[in-house]
Amino acid sequence: MRTKFLFLAIAILAVTAVMAQEQGNCVTNVILSGYSERAFTDEAVTDRQLELILQCGIKAPSARNLQPWKFTVIRDEATMKEAINNVVAGNVLIIVSGKVAENGSTPDFDCGLATESMFVAAHSLGLGARIYGMPIGKINAQRDLFLIPEGYKAVTVLRIGNTDKSVDATTAATPRKSAEEIINYKK
Ligand SMILES: Cc1cc2nc3c(=O)[nH]c(=O)nc-3n(C[C@H](O)[C@H](O)[C@H](O)COP(=O)(O)O)c2cc1C
């Protein structure tokens, strides 16, 4: 009886795993339904949400595992506004800074990977997120204000926050080029 139950449980798990591969799963769903948020509310991102997002950034891959990044978390509204003028009180900015390149390191690329990991993590937690490149010049010109560590330069800014639920994902999403336009195969 117990063996039969075990076999049944294994069979269900195997079928579920195959279905997850065929139909998508929670990770692919988050990536495919994600978009760059524009409409945020004042509701604050919690410390636990922020901690999980930062852990996902720390876990990102990097060339030679050099992890050539620092993350500066800004919650102070006045400082956030210096970088992005339409931020709201509940937002958090994470400035991702790369270590000045050394032998074999690819800091800009690696910072991009860490940023994307945190972007996806924010969406998976039901938050909105947007990556910004525009404020980088301003941030690097005011390193002390934004607490950019010595020997590093800001590469991206990730804005996270709670979303305005009246704006649906389909309306907010930006279209993508078709698969035919982007992918070629050698079979
Ligand atoms: C490296 C990078 C820099 C970006 N800089 C800005 C920016 O300065 N301002 C902005 O509003 N959006 C910025 N974005 C967001 C893009 O505009 C957005 O990802 C793109 O239009 C796709 O939109 P979607 O994610 O809603 O589909 C940036 C995205 C990336 C990856």
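This note goes through a predicted model of a protein with a ligand, point by point.

1. Overall make-up. The protein has 187 residues, and 25% of them count as buried. Its secondary structure consists of eight helices and four strands. Along the sequence these follow one another as α-α-α-β-α-β-α-β-α-β-α-α.

2. Extent and contacts. Among contacts between residues at least 6 apart in sequence, 79% join residues at least 24 apart.

3. The sheet. In what order do the four strands stand in the sheet? The order is β1-β2-β4-β3, the sheet is open, and the pairing is antiparallel. β1 and β3 (128–132) are at the edges and have a single partner strand each, so one side of each has no neighbour in the sheet. From one strand to the next, the twist averages 25°. As background, strands of a sheet pair through backbone hydrogen bonds, in either a parallel or an antiparallel way.

4. Pairing around β4. β4 pairs with β2 in the antiparallel sense over eight bridges. Within this pairing, V92 stands opposite I160 of β4. β4 is also joined to β3, again antiparallel, by five bridges. There G128 stands opposite G161 of β4. The strand β4 is mostly covered, with nine of its 10 residues buried.

5. The core. Which residues have the most contacts inside the largest nonpolar core? They are L93, I95, V96, M118, A122, L158 and I160, in a core of 28 residues. The elements that give two or more residues to this core are α3 (47–58), β1 (69–74), α4 (77–83), β2 (92–99), α5 (107–124) and β4 (152–161). Helix α5 supplies the largest share, six residues. In soluble globular proteins, nonpolar side chains tend to be buried together.

6. L158 is among the core residues with the most contacts. Leaving out residues up to four places away in sequence, L158 touches I94, V96, T115, M118, F119, A129 and I131. Of these partners, V96 and M118 are also listed among the residues with the most contacts inside the core.

7. F109 lies in helix α5. Is F109 buried or partly exposed? F109 counts as partly exposed because it has 13 C-beta neighbours inside 10 Å, whereas a buried residue needs 20 or more. F109 and W69 are 40 residues apart along the chain, and their C-alpha atoms are separated by 11 Å.

8. Around the ligand. The residues surrounding the ligand are Y35, S36, R130, I131, Y132, G133, M134, T156, A173 and T174. Strand β3 gives the largest share of this shell, three residues. By type, the shell divides into five nonpolar residues, four polar and one charged.

9. Y35. This member of the ligand shell is placed in the loop between α2 (26–33) and α3. With 17 other C-beta atoms within 10 Å, Y35 is partly exposed. The C-alpha atoms of Y35 and F146 are separated by 26 Å, and the two residues are 111 apart along the chain.

10. Two positive phi values. Most residues other than glycine have a negative phi. Two exceptions are worth checking in the model. R64 has a phi near 55°, a positive value in a residue other than glycine. Q67, also not a glycine, has a positive phi near 45°.

11. Where those two residues sit. R64 is in the loop between α3 and β1. The loop between α3 and β1 also holds Q67. How do they fall, exposed or partly exposed? R64 is exposed, because 12 other C-beta atoms lie within 10 Å and the limit for this class is 12 or fewer. Q67 has 18 other C-beta atoms within 10 Å, so Q67 is partly exposed.

Note on methods
Residues are numbered from 1 along each chain as its sequence is written. This is a predicted model: local features need pLDDT of at least 70, side-chain atom pairs count only at pLDDT 80 or more; totals for chains, interfaces and linings use all residues. A nonpolar core is a set of buried Ala, Val, Leu, Ile, Met, Phe, Trp, Tyr and Cys residues joined through C-beta atoms within 7 Å. Two residues are in contact if their C-beta atoms, placed from the backbone, lie within 7 Å. Two strands pair if DSSP finds at least two bridges between them. Axes are lines fitted to C-alpha atoms, for helices over the stretch in contact, and angles run from 0 to 180 degrees between N-to-C directions. A residue is near a molecule or strand if its C-beta atom, placed from the backbone, lies within 6 Å of it. Ala, Val, Leu, Ile, Met, Phe, Trp, Tyr, Cys and Pro count as nonpolar, Asp, Glu, Lys and Arg as charged, and the others, Gly among them, as polar.
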